[in-house]
Each structure stands twice: as C-alpha cells, then as structure tokens.
Amino acid sequence: MSSAQATASSIASSAPVAPVIAQSAAAAADKPKPCCVCKDEKAKRDECMLFSKAADPQKDCLSTIDQYRSCMAGFGFKV
C-alpha cells in the first residue's frame, strides 16, 4: 500500500468519528457548568450546614440538601 493510499484510508476511516465529536462538543457547550446553576439553593444549603447548631447538620439540613440535589438533577448533574 502506498503512502497516498494509507493517508486516504486513514482519512476515510476517521471521517465518521468527527461528526460524533462535533455533536458532543455542541452538547457540552449547551450544558451549563455546575458552578453556574442553582446558586440560591447552594447558598441556602451551605449556610444551613455551616451555621447549624445540631449535632448532625446533614440530618438537620436534609430538606435544603434535597432541594439543591433536585435543582442540580434538573440540569442533568448527579450530586
């Protein structure tokens, strides 16, 4: 096989992969970053955890933690 044939063969074999990469890059660009969503819920969760007087702050703040988790899940993030 000549080098021209090998190059043509490698280009042809890599062509179907490029659209998949472009599609996943476009999907990633549409999805917001985790730091940029659910800011109010995150602030309430953090405040509750930091200033809770309970022996187990995680148990005491369960409702705010659940609100944050459901908000993040709405954007496709698993927390």
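Is Cys36 buried, partly exposed or exposed? With a relative accessible area of 46%, Cys36 is partly exposed, since it falls below the mark of over 50% that counts as exposed. This value, like the others here, is computed from a predicted model.

Cys36 takes part in no disulfide. The nearest cysteine sulfur belongs to Cys35 and is 3.5 Å away, whereas a disulfide calls for sulfur atoms within 2.5 Å. Cys35 is likewise in no disulfide, and the nearest cysteine sulfur to Cys35 is that of Cys36. Cys35 has a relative accessibility of 53% and therefore counts as exposed.

Other cysteines are bonded. How many disulfides does a search of the whole structure find? The search finds 2. When the bonded cysteines are numbered in sequence order, they pair as 1-4 and 2-3.

One of these disulfides is formed by Cys38 and Cys71, with the sulfur atoms 1.9 Å apart. The angle about the S-S bond is -95 degrees, and the link is left-handed. This pair connects distant parts of the chain, 33 residues apart. Cys38 is in the loop between helix H2 (17-30) and helix H3 (39-51), while Cys71 belongs to helix H5 (residues 62-74). Cys38 is buried, with a relative accessible area of 8%. Cys71, at 18% relative accessibility, counts as buried too, because the limit for buried is under 20%.

A disulfide also joins Cys48 to Cys61, with an S to S distance of 1.9 Å. The torsion about the S-S bond of Cys48 and Cys61 is about -90 degrees, so this disulfide is left-handed. Cys48 lies in helix H3, and Cys61 lies in the loop between helix H4 (57-60) and H5, so the bond ties together parts of the chain that are 13 residues apart in sequence. The two ends of this bond fall in separate classes of accessibility. Cys48 has a relative accessible area of 22% and is partly exposed, because the value is not under the 20% that defines buried. Cys61 has a relative accessible area of 1% and is buried.

Which residues make up the largest nonpolar core? This core has 6 residues: Val37, Cys38, Tyr68, Cys71, Met72 and Phe77. Cys38 and Cys71, joined by a disulfide, are both among its members.

Phe77, another member of that core, has several contacts beyond its neighbours within four places in sequence. Among them are Val37 and Met72, which also belong to the core.

The charged end of Arg45 sits over the ring of Tyr68, at 4.3 Å from the ring centre. As for pairs of aromatic rings, the count comes to 0.

Arg45 has a further partner. The side chains of Arg45 and Asp46 meet in a salt bridge, with 2.7 Å from N to O. The count of salt bridges comes to 1. Asp46 has a relative accessibility of 29% and so counts as partly exposed.

Methods: Residues are numbered from 1 along each chain as its sequence is written. This is a predicted model: local features need pLDDT of at least 70, side-chain atom pairs count only at pLDDT 80 or more; totals for chains, interfaces and linings use all residues. Side-chain values use heavy atoms; hydrogens and water are left out. A salt bridge is a side-chain nitrogen of Lys or Arg within 4 Å of a carboxyl oxygen of Asp or Glu. Buried means under 20% relative accessible area, exposed over 50%, partly exposed in between (1.4 Å probe, protein chains only). A nonpolar core is a set of buried Ala, Val, Leu, Ile, Met, Phe, Trp, Tyr and Cys residues joined through side-chain atoms within 4.5 Å. Contact means heavy atoms within 4.5 Å. Helices (H or I, at least four residues) and strands (E, at least two) are DSSP runs, numbered from the N terminus. Rings of Phe, Tyr and Trp (its six-membered ring) pair if their centres lie within 6.5 Å; planes under 30 degrees apart count as stacked, over 60 as edge-to-face and the rest as tilted. A charge sits over a ring if NZ of Lys or CZ of Arg is within 6 Å of the ring centre and within 35 degrees of the ring normal.
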